[in-house]
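Hi,

Here is the structure we talked about. Open it up and keep it on screen while you read the notes below.

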Amino acid sequence: MASRWARAAVCALLIAEAAIAQSKNHVATGDAVSSARHAIDLVEEGHCEQALPALVAALPRLSGKQLRYQAGMAKARCAMALNREDTAVEALLQLKRDFPSDPEVLYISTHYYSELAERVSQELAAKAPQSVQARRLEAEAFEAQGKWDEAAGIYRGILDQNPQTPGVHYHLGQVLLSKAGSSGSTDDAKSEFQKELQVDPHNAASEFVLGELARRAGNWGEAVARF
């Protein structure tokens, strides 16, 4: 009998503890909702310094889809405004997981990631302007603008100082191909791809381009070997 009463008492205690925990969780969720809504209002008023910590704390405890969406957007916006790149990326990744097909999520992700890339490139240029990485980035920017001579000049400068840098001969070869167009000579470009394979024998992109150039020239044996 005593054992039965003891078991009943234990069960009652466990039920009470569960009820208390559920009540606390309900209160915590309610606090998170209230905090998130207040933070979103602060963001609309331009007070990101105060809003961001509240959004970071509240978001993991939000269950309502619409509020999570609004809070995630506000978190990303404030993190970008405050130069908190790690928090911005965290917010964008969470939005993408929760709302993978939402057009606005995809739109702001495009813009924010582009802005983050621009910030990092500026940091690289400021902190290590003469580094191979900074000069390659500059050359790639010229490539994107179709300024072949400027891009080629930078790539050649890199190779003069660092002839064994992987990838540079390949990029220079691409620039020379673009400069040659559809009717110009590809000999200089081919030479760069071949030099890239001397630096990096496993560079499949160089093998492919050389194979394609051989195919166009009717050199079937070389093309097959390259492919």
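**Helix α10 and its surroundings**

Helix α10 covers residues 204-216, which makes 13 residues, and it reaches 18 Å from its first C-alpha to its last, close to the 18 Å expected at 1.5 Å a residue. That expected span is 1.5 Å times one less than the number of residues in the helix. Helices here are DSSP runs of H or I with at least four residues, strands are runs of E with at least two, and both are numbered from the N terminus.

Before going further, two notes on the ground rules. This is a predicted model, so local features need pLDDT of at least 70 and side-chain atom pairs count only at pLDDT 80 or more, while totals for chains, interfaces and linings use all residues. Residues are numbered from 1 along each chain as its sequence is written, and side-chain values use heavy atoms, with hydrogens and water left out.

Back to α10: which of its residues are buried? They are Ser206, Val209, Leu210, Gly211, Glu212, Leu213 and Ala214. "Buried" means under 20% relative accessible area, "exposed" means over 50%, and "partly exposed" is in between (1.4 Å probe, protein chains only). The buried residues of α10 pack against α8 (168-180), α9 (187-199) and α11 (220-226).

After α10 comes Gly218, which has a positive phi near 80°.

**The chain as a whole**

Zooming out, the protein chain has 11 helices and 0 strands. Of its 227 residues, 34% count as buried. Take the contacts (heavy atoms within 4.5 Å) between residues at least 6 apart in sequence: 43% of them join residues at least 24 apart. The accessible surface of the chain is about 13,900 Å², and 55% of that belongs to carbon and sulfur atoms. These areas come from the Shrake-Rupley method with a 1.4 Å probe, and for residues only the protein chains shown count as cover.

**Links between helices**

How many disulfides does the structure hold? There is 1, a disulfide being a pair of cysteine sulfur atoms within 2.5 Å. Cys48 and Cys78 form it, with their sulfur atoms 2.1 Å apart. The link of Cys48 and Cys78 is left-handed, with -75° about the S-S bond. Cys48 sits in helix α2 (residues 48-58) and Cys78 in helix α3, so the pair ties together parts that are 30 residues apart in sequence. Both Cys48 and Cys78 are buried.

Then there are the aromatic pairs, 3 in the structure. Rings of Phe, Tyr and Trp (its six-membered ring) pair if their centres lie within 6.5 Å; planes under 30 degrees apart count as stacked, over 60 as edge-to-face and the rest as tilted. One of the pairs is Tyr69 with Phe99, which is edge-to-face at 5.0 Å centre to centre and 85° between the planes. Tyr69 lies in helix α3 (residues 65-81) and Phe99 in the loop between α4 (85-98) and α5 (103-127), so this pair ties together parts that are 30 residues apart in sequence. Tyr69 and Phe99 are both buried.

Another pair, Tyr170 with Phe193, is tilted: 5.6 Å centre to centre and 55° between the planes. It links distant parts of the chain, with Tyr170 in helix α8 and Phe193 in helix α9, 23 residues apart. Tyr170 is buried at 19% relative accessible area, and Phe193 is buried at 0%.

Ala76 is in helix α3, and it is buried with a relative accessible area of 0%. Leaving aside neighbours within four places in sequence, Ala76 is in contact with Ala88, Ala91, Leu92 and Tyr112. In helix α4 you will find Thr87, which is buried at 6% relative accessibility. With neighbours within four places again set aside, Thr87 is in contact with Leu52, Val56, Lys75 and Ala79.

Last stop: Asn83, in the loop between α3 and α4. Asn83 is partly exposed, at 47% relative accessible area, and has a positive phi of about 60° although it is not a glycine. Most residues other than glycine have a negative phi.

Cheers
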